[in-house]
Amino acid sequence: MLNIISPITKAEAKEKVYQIATDITFAPFEFQDINGDFVGIDMDLIAAIAKDQGFQYEMKPLGFNAAVQALESKQVDAVIAGMSITDERKKKFDFSDPYFDSGIIMAVKDDNETVSSYEDLKGQKVAVKTGTEGASFAEGIKDEYGFSIVTFDDSANMYEEVRTGNSVAVFDDYPVLAYGIKQGNGLKIVTDKEAGASYGFAVSKGQNTELLEMFNAGLTNLKASGEYQEILDKYLETGSEVEEGNGFFGLLKESFPSLLSGLKMTLILTVVSLLIATILGIIFGLLRIAKNKVLSTIAVIYIDIFRGTPLIVQAFFIYFGIPAALDFRISAVAAGLITLSLNAGAYMAEIVRGGIQSVDKGQMEAARSLGLPYGKAMRKVVLPQAIQLMIPAFINQFVITLKDTSILSIIGINELTQSGKIIIARNLESFQMWLIVGIMYFIVIMILTKVSNVLERRIKNGQA
């Protein structure tokens, strides 16, 4: 038990709503059931401890990497995600008493009869998940046994890698892999369990010590009452209690509400960010062609930065980097909107610049000769003509931005792609689920493409 003085009183702690991050694809510790609720050992454990200790919390399902980075940048108060307690992590985080002792096992495709030991891995590829004990173990023995490592961010894709034959084996935490095999992930265990680290509840170094104390006290109480063992038995003894749909249409029917919610978020992100991006595009597009070199240089710098760096880097920088540097918090949705808006705005600026420069220069000269000042001539004469030319490009950017929203799943936004990942973590139906997600994207994008074609024809026919 920790014996430290809390920075806030117990009464204040019970009034605070703690932000706790978790993984989304780590069954049986955390995953989403068919009702859309996050369940699993970690989820039931933190709920029981919060009830026992009387504190409030909000769970933020981000994915393991994003959860750890969110805690490191102080975007959340704590992480519970099957997180192994290691010496390296202790330098950055304070951990609770261990709540689960893990271990590592190796599995291969269920019909593989050639790989049954580490010696059989020579010259082969092995799949692991970032940040897990399995990944650390594989890294430690890869040179000895002569295999290479392929790293994934979620368990479902890692298992699919082995099932499709791209990698010959997988190392994973034994309860997670054993649970996945029970759900039909197409693998089989071929080695005995190796000793692994223990899982702990983590907070930032020196932060939220009162929360850590309450977790430890609650864990002790749950073990004494037997509720802790009941939670473990619920997921490790009986396996999944979820009844999955049968076939493609059964899976579609079962998953449609979650996917529809994800599609709604995708469309909201796209529409709102495109509205902001259009304003930014007009402003910086005009600055780009301004005669003032200072204004033009500012526009060029903005455009080059956001067109010249990957969207995923921008998302990480805005969600994790800036808040950590300036010590403030921002929601994942707000960070996603800012990222998409700034990124699309840079492309919109080039569309605006190209549209304006496509208008005959004589239009501006004629307007100026009639006594119109430059600004008014641009607003009244040039821009209306340029906008007509830009409409197809605008709609094309809409399509690109809609697809780019999928990248924001990396910071935990539950858009369409993230919804698909969460469902796959539960049912391991990778092929069928990605087919459904792809069809949904295709339908929306085809509608937008048809609208673009109609508008383009209207413009060409002089009807717009």
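**Entry: the cores.** I note that this is a predicted model. I looked up the largest nonpolar core and found 82 residues in it. Leu45, Ile80, Phe201 and Phe215 have the most contacts inside this core. Helix 15, residues 374–404, gives the most to it, with 11 residues. I also found a second, separate core of 30 residues. Phe64, Ala66, Met83 and Ile413 are among its members. In soluble globular proteins, nonpolar side chains tend to be buried together.

**Entry: Ile80.** Which residues does Ile80 touch, leaving out those up to four places away in sequence? I listed its partners, and they include Ile20, Met43, Ile46, Met59 and Tyr99. Phe201 and Phe215 are on the list too.

**Entry: helix 8.** I followed Phe215 to helix 8, where it is one of the buried residues. Others buried there include Glu210, Leu211, Met214, Asn216 and Leu222. Helix 8 covers residues 209–225, 17 residues in total. From first C-alpha to last it reaches 24 Å, close to the 24 Å expected. Gly226 follows the helix, and its phi is positive, near 90°.

**Entry: the whole chain.** I then stepped back. The chain holds 17 helices and 13 strands. Its C-alpha trace spans about 90 × 55 × 45 Å along the principal axes. Of its 464 residues, 49% are buried. The accessible surface is about 21500 Å², with 57% belonging to carbon and sulfur atoms. I recorded 42 positive and 53 negative side chains. The centres of the two sets lie 15 Å apart.

Terms used
Residues numbered from 1 in each chain as written. Predicted model: local features only at pLDDT ≥ 70, side-chain atom pairs only at ≥ 80, totals over all residues. Heavy atoms only, no water. Helix = DSSP H or I, 4+ residues; strand = E, 2+ residues; numbered from the N terminus. Buried < 20%, exposed > 50% of the residue type's maximum accessible area, 1.4 Å probe, protein only. Areas by Shrake-Rupley, 256 points an atom, 1.4 Å probe, with all protein chains shown as cover. Lys, Arg positive; Asp, Glu negative; His and termini not counted. Charge placed at Lys NZ, Arg CZ, Asp CG, Glu CD. Expected span 1.5 Å × (residues − 1). Core = buried A, V, L, I, M, F, W, Y, C linked by side-chain atoms within 4.5 Å. Contact = heavy atoms within 4.5 Å.
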